[in-house]
Amino acid sequence: MKNGSSPGRASGLTGRQWLACLLVASTLVGCSQEPPPPPKAPPTPEEKSKNTISKAPFGTLPDGTAVDLYTMVNANGMEVRASNYGGIITALLVPDSSGKVSDITLGLKSFDDYLKNPPYFGAIIGRYGNRIAKGQFKIDGQTYKLPKNDGANTLHGGLKGFDKVVWQAEPFEKEDSVGVIFTYTSKDGEEGFPGNLQTRVTYTLTDKNELSFDYHATTDKPTVVNLTQHAYFNLAGDGSGDVLGHEFTIFANEYTPVNKGLIPTGKIEPVTDTPFDFRNKVVLGSRINDTHPQVKLAGGFDHNFVIRRKEPGLALAARVSEPSTRRVMEVHTTEPGVQFYTGNFLDNTLAAKPGKPYAKHSGFCLETQHYPDSPNQPEFPSTVLRPGEEYNSRTVYTFSVR
Ligand code: GLA
């Protein structure tokens with residue numbers, strides 16, 4: 001304090017008044033004093049293994065915005081790291097059948113590498129996941145034009161989709177789960193889409209080793225919405241080679257064939273007697289080089305499967321198992337489709353997290369979604385969202401061992 005003045009002097013009290021105050025205060029304190037709390041007992045094993053979340057700086061965007069990385073850990077030691085930049089999941093640590101924990105999601109070395117992220121590793125995809133033909137669509141007779149970022153078409157929301165924006169993040173810890181609520185307002189006209197879209201995506205890691213994504217959106221003008229998550233998986237461990245030994249079951253009786261630009265032809269074809277029949281467990285390697293024109297055209301699988309469902313709500317879309325680690329992943333979703341993508345565009349060029357570059361088929365994606373190009377395909381379930389309506393979608397990835 002300046003000039004060595006005491007608090008009493010500074011407030012203008014005389015020495016006697018000051019002393020009186022002290023006496024009164026100490027009496028008051030004495031009266032209200034309760035016995036000190038007993039020393040805290042060391043945490044029980046249950047308390048120790050509670051679900052927790054922590055936050056650390058991740059990087060800085062070219063415009064100076066700092067972004068964070070949230071680390072969620074559940075009671076079983078399963079761990080998810082996700083950034084408020086694009087909602088990108090950078091790591092997913094899951095135990096195998098012997099209890100060994102490995103990172104099973106593909107990613108890039110540093111934050112700066114994620115500024116480009118051509119494969120969309122781990123990111124939230126929006127406002128429209130997958131392709132919109134010729135970068136345009138009509139609602140109520142009005143044409144909207146979008147930037148074309150995939151040949152003649154628009155892919156994953158355009159040049160700056162939801163994978164490249166900074167989301168507001170609100171972490172939470174609950175008794176049986178932990179997570180982050182990401183929110184973002186996409187402006188009217190952003191990437192050509194009409195309407196201010198209020199978007200919320202909640203990542204939840206439960207103590208049952210489920211990682212769920214709850215998507216919610218509202219708009220103030222009619223628009224199209226198709227949100228998904230673009231994590232790539234290798235259940236044998238990131239960097240352990242290709243996923244051709246993984247076994248896939250996809251609960252779909254039909255799929256949507258595509259043309260050269262990977263735009264659906266509009267047909268919904270049965271999977272029966274085609275390499276798209278994954279209704280019984282299939283080792284991917286036995287199908288990836290199939291001579292079927294659709295598999296050749298995509299260089300593997302990059303197709304929307306129509307999820308078999310009896311009623312609305314969560315339906316089992318796919319199950320994947322990896323024989324050497326015995327890890328199993330199940331995908332449940334409220335969406336009508338899932339894009340099964342076998343990393344066909346991975347070409348050894350990226351700064352891959354494990355050091356060794358990612359070759360073709362180093363990972364797979366199961367992107368739950370409405371069908372690609374729905375805004376131009378009247379026969380497909382609609383992706384139009386109107387003012388007053390709510391977009392709600394839920395997907396759960398469950399990890400276990402067999
Ligand atoms: C989706 C698409 C693929 C490809 C990847 C990203 O899975 O369907 O064609 O664009 O995203 O590389």
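Me: Which residues does H370 touch, if residues up to four places away in sequence are not counted?
Reply: This is a predicted model, and the place of H370 in it is the loop between β25 (365-369) and β26 (384-385). Leaving aside residues up to four places away in sequence, the residues that H370 touches are N226, E335, P336, P381, S382 and T383.

Me: Does H370 count as buried or exposed?
Reply: A residue is called buried when its relative accessible area is under 20%, and exposed when that area is over 50%. The relative accessibility of H370 is 14%, so H370 counts as buried.

Me: What distance separates the C-alpha atoms of H370 and F380?
Reply: H370 belongs to the loop that runs between β25 and β26. Along the chain H370 and F380 are 10 residues apart, and the separation of their C-alpha atoms is 8.3 Å.

Me: In which order do the five strands of the open sheet that includes β1 lie?
Reply: The pairing in this open sheet is antiparallel. At its edges are β1 (52-60) and β5 (101-103), each of which pairs on one side only, and neighbouring strands are turned by 20° against each other on average, with direction ignored. Read across the sheet, the order is β1-β2-β3-β4-β5.

Me: Which residue in the turn between β1 and β2 has a positive phi?
Reply: β1 and β2 pair in the antiparallel sense over eight bridges, and within this pair G59 stands opposite V67 in β2. The two strands form a hairpin with five residues between them, and the residue in the turn with a positive phi, of about 95°, is G64.

Me: Which residue is the bridge partner of Y70 in β3?
Reply: β2 and β3 run antiparallel and are joined by five bridges. They make a hairpin with five residues between the strands, where G77 takes a positive phi near 85°. The bridge partner of Y70 in β3 is A82.

Me: How many of the five residues of strand β3 are buried?
Reply: Strand β3 consists of residues 79-83 and is mostly covered. Of its five residues, the number that are buried is four.

Me: Which residue in β4 stands opposite R81?
Reply: β3 and β4 run antiparallel, with four bridges joining them. In their hairpin, five residues lie between the strands, and G86 takes a positive phi near 65°. The residue of β4 opposite R81 is A91.

Me: Which residue in β5 is the bridge partner of V94?
Reply: Strand β4, made of residues 89-95, pairs with β5 in the antiparallel sense over three bridges. The edge strand β5 pairs on one side only. In β5, the bridge partner of V94 is S102.

Me: Which residue in β20 is the bridge partner of F248?
Reply: An open sheet of nine strands, with antiparallel pairing, has the order β11-β12-β13-β14-β27-β23-β22-β17-β20. Its edge strands are β11 (168-173) and β20 (282-283), each pairing on one side only. Strand β17, residues 247-250, pairs with β20 in the antiparallel sense over two bridges, and in β20 the bridge partner of F248 is V282.

Me: What volume does the largest cavity have?
Reply: The structure holds one cavity of 30 Å³ or more. Residues that line the largest cavity include G126, R127, G157 and K160, and by class the lining has two nonpolar, four polar and four charged residues. The volume of the largest cavity is about 40 Å³.

Me: Which lining residues are the closest to the centre of the largest pocket?
Reply: About 330 Å³ of space lies in the largest pocket. Its lining has nine nonpolar, six polar and five charged residues. Of the 20 residues that line this pocket, the closest to its centre are P118, P119, Y120, Y341 and F345.

Methods. Residues are numbered from 1 along each chain as its sequence is written. This is a predicted model: local features need pLDDT of at least 70, side-chain atom pairs count only at pLDDT 80 or more; totals for chains, interfaces and linings use all residues. Side-chain values use heavy atoms; hydrogens and water are left out. On a 1 Å grid over the protein atoms alone, a cavity is a set of points where a 1.4 Å probe fits but cannot get out, and a pocket is an open set with protein on both sides within 12 Å along at least five of seven lines; lining residues have an atom within 4 Å of a point. Grid points are joined across faces, edges and corners, and a volume is the space filled by probe spheres set on the points. Ala, Val, Leu, Ile, Met, Phe, Trp, Tyr, Cys and Pro count as nonpolar, Asp, Glu, Lys and Arg as charged, and the others, Gly among them, as polar. Two strands pair if DSSP finds at least two bridges between them. Axes are lines fitted to C-alpha atoms, for helices over the stretch in contact, and angles run from 0 to 180 degrees between N-to-C directions. Buried means under 20% relative accessible area, exposed over 50%, partly exposed in between (1.4 Å probe, protein chains only). Contact means heavy atoms within 4.5 Å.
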